[in-house]
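Please take the following questions one at a time.

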Amino acid sequence: MEHTILSDTRILIDLDRIAGNMRAVKNMAGPQVTVAAVVKADAYGHGAAAIAPTLMENGAGLLAVANLAEALELKKAYPQYPVFIMGLTPDRLLPLVVEYGIIQTVDTLHQAQVLSRLAGEQKKTAVIHIKYDTGFHRLGFPAVPKSLEEIRQICALPGIDAQGFYSHLALKDDASNKAQFTAFMEAADALKQMGCTFRFRHIADSISGVDDPEYRLDMIRTGALLYGLKGFHRGTLAIRQALTFRTRISHISHVKKGEGVSYDYVWTASQDTRVGTLPFGYADGYPRCLGNGKGVVLICGKRVPIIGVLCMDQCMVDLTGIPQARVGDEVIIYGNGSDAAPDIQEISQLAGTNKNEIAARLTRRPPRVYIHGDQCAEESRDKREASL
Ligand SMILES: *Cc1c(COP(=O)(O)O)cnc(C)c1O
């Protein structure tokens, strides 16, 4: 029973698709441009530690995360992989950054001085990327002359390897991106005049990395692309969604005309109805707003609506259109484009959000099952055969 999957509700991750997407990004970037594989938020729900080797073996130069806890999880599993924290780390936790050899974002002289002192104490080098605010106004040294002087001081600190200089685009439109890029390059050039050069200057994420080749510089930081989530407009890249979300029918009820289903009886039967219960809910990360007729799932090749209020752990669907449906039948909640189920793109539109949120909000409860290519199709075929 050791490898038994303990739930019918599960998330299948196709490692061949992750590998293919990673190679596509690296090919696009070319040999001169390092790809930072963004695996924050548990790799947008795909499982950071589980997919890290696939990424590193298929072209990633380093793994980028949001915070120290995410970085430590990866460093403990894979001490040899370079891990980069794109957020800030509080002073009191910086000793761990140095101890584990994590690459840290810095946007104050003060934190660089703390890291320099810690590096001296631990007889190590603190590798940093300096963030510069070109207008996103989230993190970064403000774009004022005093900042350049402070960055110059950072570059001269003992025990500090200022490996990177970077910023982040707001992606409002081409003109505003261009203004940010220009401000970034002017700062980088001014720093060069002052004797500070950086191995990695970077500003592009997934969207800009595809759409704006001139913004790739020395590194691109791509998350969405690795998971096959397309956001680009001008450019194009052959990537495929890696994740599918599945379950099986757990129960079937017969609801008489006029009876209600789920909390508040928001849905009542307009005719006698076969109602299927599915063992997933909003605590698995499915948007609660997709209950009550908004969301659909695929059963026996047909789309059926979720009816009534979506509960924390379960929801109900109208099986009227598929009389052959039985308890144990496979249900595709999020398809990956190879079937008629809504994919993450469609779900995000239905829920009024973006694709990254739909993936990242998947919780840890549904087990992640890692597969290669056609295994996914085989799994449902086996199940069908077994139930005949
Ligand atoms: C999340 C993040 C990225 C990756 O964004 P995608 O759109 O998924 O490629 C890049 N850079 C920073 C600073 C981020 O926080």
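Q: In which sense do β1 and β10 pair?
A: The model is predicted, so local features need pLDDT of at least 70 and side-chain atom pairs 80 or more, while totals for chains, interfaces and linings use all residues. Residues are numbered from 1 along each chain as its sequence is written, and side-chain values use heavy atoms, without hydrogens and water. Strands are DSSP runs of E of at least two residues, helices runs of H or I of at least four, numbered from the N terminus, and two strands pair if DSSP finds at least two bridges between them. Strand β1 (residues 10–14) and β10 are joined over 4 bridges, and the sense is antiparallel.

Q: Which residue of β18 stands opposite F245?
A: β10 and β18 (residues 330–334) run antiparallel and are joined by 4 bridges. The residue opposite F245 is Y334.

Q: Why is β10 largely enclosed by the rest of the structure?
A: In a regular strand the side chains alternate between the two faces of the sheet. L243, F245 and T247 on one side are buried, as are T244, R246 and R248 on the other; buried means under 20% relative accessible area (1.4 Å probe, protein chains only). β10 is largely enclosed because the buried residues number 6 of the 6.

Q: How much of the ligand's area does the protein bury?
A: A polar side-chain atom of R221 lies 2.8 Å from a ligand nitrogen atom, a polar contact (N or O atoms within 3.5 Å). Alone, the ligand exposes 390 Å² (Shrake-Rupley method, 1.4 Å probe). The protein buries 90% of that.

Notes
Buried < 20%, exposed > 50% of the residue type's maximum accessible area, 1.4 Å probe, protein only. Polar contact = N/O pair within 3.5 Å; in protein donor to acceptor, adjacent residues only side chain to side chain.
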